[in-house]
Amino acid sequence: MPLDQPEENPFPNEKNMGFFDHIDELRARLYRVAILVLIGTIVAFFFVEDIFEFVILSPFKPGFFGNEFFCWAGWKITGTNALCWEPPVLEMQSQQIQGQFVSAFKIALVVGFVVAFPYIIYQIWSFVRPALSEKEIKKTRSSLGIVSLLFFSGLLFAYFFLVPLASNFLLGYQLSPQIKNIPTIASVTGFVTFMSLATGLVFELPVLIYILARIGLVTSDFLKKNWRYAVVIIFIIAGVATPSPDMFSQLLLGTPLLILYVVGIQVAKRVEKQKEDE
């Protein structure tokens with residue numbers, strides 16, 4: 001290369017920004033995210049009664065897809081109705097004067113966050129984009145949809161399968177016939193939203209492995225060598241994400257996470273090959 005020819009900048013998108021400039025940019029992007037979540041929350045609040053009736057309460061009703069699926073799977077696998085159940089009658093109460101309003105606001109806020117999730121991921125990517133090369137930008141731009149797809153897949157998986165299974169077990173369990181299960185509205189709302197959101201986030205496991213592999217913290221060999229520890233960690237995560245203490249619920253969540261872990265190993269291999277090519 002001639003001495004008078006400037007060296008090509010591998011990061012042409014990187015701006016000459018100081019620390020406080022980055023803070024200002026981050027603040028601006030967080031402001032945009034907050035505005036979108038707020039708009040989604042306000043819109044959802046106008047329909048919160050319908051959302052509560054047809055979304056939050058549906059897993060507790062007969063004929064829900066998850067309940068019908070388990071019944072069908074039970075007949076196919078065992079030839080019996082062992083997995084067919086009638087959801088227990090759900091009675092709720094509000095123990096605080098502001099209980100129903102707070103629950104309505106939480107439902108609307110969760111809906112606002114879920115609707116804004118792809119935009120949140122886009123803003124995160126836009127924030128780190130100046131530090132990426134053109135090649136990395138092309139690769140990461142195509143993966144934004146995968147991040148959202150994994151999140152919504154986990155959310156729907158929990159809503160249609162984990163929530164009805166866990167709620168049937170918990171509402172049907174009795175320590176004594178003298179005790180009647182009458183959960184609060186906050187408990188029911190938090191149960192459905194927490195399990196769904198938590199599962200959606202843990203489904204981002206391949207993305208996490210990709211990031212760790214890119215910065216060199218993990219390798220495919222490391223992941224394959226320590227798969228036993230990964231199994232234990234995955235089922236601990238499944239136990240945290242599923243409030244139900246039964247092993248079947250943890251197995252139901254842990255199995256797809258194990259599959260995603262295997263996918264993550266392949267992702268790490270691909271990252272290593274990309275690094276060698278670079």
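Biologist: What volume does the largest cavity have?
Modeller: This is a predicted model, where local features need pLDDT of at least 70 and side-chain atom pairs count only at pLDDT 80 or more, while totals for chains, interfaces and linings use all residues. On a 1 Å grid over the protein atoms alone, a cavity is a set of points where a 1.4 Å probe fits but cannot get out, whereas a pocket is an open set with protein on both sides within 12 Å along at least five of seven lines. Volume is the space filled by probe spheres set on the points, joined across faces, edges and corners. By this rule there is one cavity of 30 Å³ or more, and the largest has a volume of about 40 Å³.

Biologist: Which element gives the most to the lining of the largest cavity?
Modeller: Lining residues have an atom within 4 Å of a point, and here they include Pro59, Trp85, Pro164 and Leu171. They split into seven nonpolar, three polar and no charged, with Ala, Val, Leu, Ile, Met, Phe, Trp, Tyr, Cys and Pro as nonpolar, Asp, Glu, Lys and Arg as charged, and the others, Gly among them, as polar. Helices are DSSP runs (H or I, at least four residues) numbered from the N terminus. The top contributor, with four residues, is α5.

Biologist: Now the largest pocket: which element supplies the largest share of its lining?
Modeller: That pocket has a volume of about 1,000 Å³. Two or more lining residues come from each of α4, α5 (134–172), α7 (205–214) and α10 (247–277). Its 29 lining residues, with Thr140, Ser143, Val207, Tyr210 and Ile211 nearest the centre, divide into 19 nonpolar, five polar and five charged. Nine residues, the largest share, come from α5.

Biologist: And the second largest pocket, which element gives the most there?
Modeller: About 330 Å³ of space lies in it, and of its 16 lining residues, Leu205, Ala230, Ile233, Ile234 and Tyr261 are closest to the centre. The lining has 15 nonpolar residues, one polar and no charged. With five residues, the one that gives the most is α9.

Biologist: Which residues on the other side of α9 are exposed?
Modeller: Buried means under 20% relative accessible area, exposed over 50%, and partly exposed in between (1.4 Å probe, protein chains only). Ala230, Ile234, Ala238 and Ala241 are buried in α9. Those four cover an arc of only 75 degrees around the axis, going by directions from the helix axis to the C-beta atoms, so they sit on the same side of α9. Across from them, the exposed ones are Arg228, Tyr229, Ile236 and Val240.

Biologist: How far apart are the end C-alpha atoms of α6?
Modeller: The expected span is 1.5 Å times one less than the number of residues. For the 18 residues of α6 (residues 185–202) that comes to 26 Å, and this agrees with the distance between the end C-alpha atoms, 26 Å.

Biologist: Which residues does Ser103 contact, leaving aside neighbours within four places in sequence?
Modeller: Residues are numbered from 1 along each chain as its sequence is written, and side-chain values use heavy atoms, with hydrogens and water left out. Ser103 lies in α4 (residues 99–128) and counts as buried because its relative accessibility is 2%. Among the buried residues of α6 are Ile185 and Thr189. Both turn up among the contacts of Ser103 (heavy atoms within 4.5 Å), which are Ile185, Ala186 and Thr189.
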